[in-house]
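Hi everyone, thanks for coming. I'd like to walk you through some domains and contacts today, so let me put the structure up.

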Amino acid sequence: MKALVAMSGGVDSSVAAALMKDAGHEVIGVTLKLWSGPNGEAPTAGCCTVSDAEDARRVAAELGIPYYVLDYTDDFRDGVVDRFVHDYASGQTPNPCIECNRTVKFDRLLNRLDEFACDVLVTGHHARVHDIDGVATLLRGTDPAKDQSYVLSMLTTAELSRVQLPVGELHKKEVRRIAASMGMRSAHKPESMDICFVGQGDYRGFLRHNAPEVFIPGKVVDKDGTDLGSHDGIVGFTVGQRRGLGVAVGEPRFVVKIDSGTSTVVVGGRDDLEVNAVELRDITWANGRKGDRPLTAQFRAHGEPVAASLVGSALTFDTPQHAVSPGQTVAFYDGEKVLGGGLISSTYL
Amino acid sequence: MIYLDHAATTPMRPQVWDAMRPYALDVFGNSSGVHAVSRRAKNALEESRERVASLIGARPMEVVFTSGGTESDNLAIKGAAWNDRLRSGVVTVTTEHEAVLETADVLKRFDDPVTLVSVDRDGFVSSQDILEAIDESTAVVSVMLVNNETGLIQDIPAISNAIKAEFPDVLVHTDAVQAYASKDVKVSELGVDMMTITGHKFGGPKGAGLLYVKEGTALEPVLHGGGQELGRRSGTHDVAGVVGLSTAMELADRDRDRFNDEVGQARDEFERLILKTVDGALANTPSDHRSTHHFNVRIPGVRNESLLMRLDQDGVAASPGSACQSGAATVSHVLEGMGLTAEEARESLRFSFGWTSTMGEARDAAGVVRDLVEQLR
């Protein structure tokens, strides 16, 4: 078998490449060039920095596998960054890393497997793809603390049948042990947390610099409409946000709603963050089977799964949930099994 | 491996390495020193200068040794622009090498007037367009002799004659990095004030090049320091590199007739086979006024990135023509300058032949390309 391994330079994808090689497969490593600044500079944070690509190149050389850098800057700008700006401008909380997995990493690379004469796409995600009754099924990773199945919840069975996730079978400790035993420099590298094109997590700074036109000043109001202050744009506000509201009130205040139509940010107390149900859009089912059903839902990368039931595009939580925001991805589970997912278009308070 | 990326770099000729070796080991002296081992180094340096000067029809003192093509281009352009603050303008062409374009771009950011002249569909720039871009602020015009991506040969004698006739004070620089392997470049015939050459494009070492600077041409140095190279380029000489450069220039000069004959035929055969056996293949390299060793081709419907990866797997080394430092294939500014769309540029790749290339390699490589294109389509 010939495997195309998407290598970020991190420990997980490095070990994934090594495991495929050890299993006797022919392996090709690739790193995606996704983003460069206005002067072509590569990102210094996130999963695909210059030094990460250098690490990937070095690991590939140590493994003795061919390694290439593929240019996806156009797709990334159009599919991920522009959408990130658009979503924030419309009062949503996007997850660009999921969007990148969806529209660039998996979609583009799977489409080009034949061109590269490869049979499977391999990544370093902590999730598992198992054949269950002849159906390629996405399962949570073996290490519950590192499970990344949430960010892959949009993958279909057809796509999963050409994906292998070898490190999802292991605990992170084991992955680091393998990396260290192979002398990999990345064995003890801290995990990437930042979004690659947003330096130091400064969303508003990025948006202000790249899309100043989406900053439309508006009001900050209480739930009953009382004027509490003003802001210079809803962009970058997130439901559940507590800091940087620019209003001084005694008790803790949170963003509970963002109205992009009137550029209004509504704040309230912790109780006002409770959401009973959400409306979903862009629902995908791994195996194509739709249907109303009870399931467990997860709406943050490392959030707890909660019991819910889906009727049409409405997902009702068994117990009210906190800080659920339009734009977030919801992954559907049946136990360990990923059933599919969707994007929150609106919430019912 | 069939190596068809000689425009990127070439394998060193063994005689070059043999000539360099003593200067890396025994004759290690600093050529500016006052003792025997330094004198020997200095002698080798100056002897090399005489040899390369005669090869390009220059006087020895007109040769400035540099670290290669990029530095020579920087020195020619920045040196001219910085020499006179009142006349600091640069005129160059959209299809130049990055060493020229990025240098011009930096000057522009510091408010020097920079004009980029466009080319036609084949990549030619007209003398008239260049003359129109020149004004009283222009210090230097830089036009490449052989394009690194397509192999197109600009008519440098005509361009420099036209410039000198109307603007005798404007300096003319040519980047001849891609030219030396196949063309006898004599500075008087080209009519230029400055010319860039680097050794590794014809069997010499990387990191050793030269800038021809016509006597009487005033340049502000880019590297300041100990005043080597008559103050035009400071820094301890890489004597082994200079010896390698001069040896490679001599060997390439002696080998040039064979090169244009045999390597040219191999390139022609490769081109003929690709255009005949690959449906829809189109040459981006013009049919005349071109070097004997470049071939840039567009294969519609096939992304160059994928084809290059597959070629690499099958042992054929070629290039997208333009790649960023990370190695990712990027859209070629040369092909875009010639009017190709970004999509067309992403379907284009460069095969460049060199002193080791053979007819057998050309035929084998053409077969590999044909088979892979069939698989990719």
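This is a predicted model: local features need pLDDT of at least 70, side-chain atom pairs count only at pLDDT 80 or more; totals for chains, interfaces and linings use all residues.

Residues are numbered from 1 along each chain as its sequence is written, and chains are lettered from A in the order in which they are written.

Chain B has two parts, domain 1 (2-9 + 256-376) and domain 2 (14-254), with bounds from an automatic or database domain assignment. Their C-alpha centres are 27 Å apart. Where they meet, 25 residues of domain 1 of chain B contact 26 residues of domain 2 of chain B; contact here means C-beta atoms, placed from the backbone, within 7 Å. On the domain 1 side, α9 (256-277), β10 (294-298) and α11 (333-337) of chain B each give two or more residues, and α9(B) has the largest share, 3 residues. Helices (H or I, at least four residues) and strands (E, at least two) are DSSP runs, numbered from the N terminus. By class, this side has 6 nonpolar, 16 polar and 3 charged residues. Nonpolar is Ala, Val, Leu, Ile, Met, Phe, Trp, Tyr, Cys and Pro; charged is Asp, Glu, Lys and Arg; the others, Gly among them, are polar.

Now between the chains: 12 residues of chain B touch 11 residues of chain A. Helix α10 (residues 304-313) of chain B brings the largest share of the chain B side, 6 residues.

Finally, chain A splits into domain 1 (2-125 + 165-200) and domain 2 (215-272), with 5 residues of domain 1 and 8 residues of domain 2 in their contact. Thanks, everyone!

Conventions. Two residues are in contact if their C-beta atoms, placed from the backbone, lie within 7 Å.
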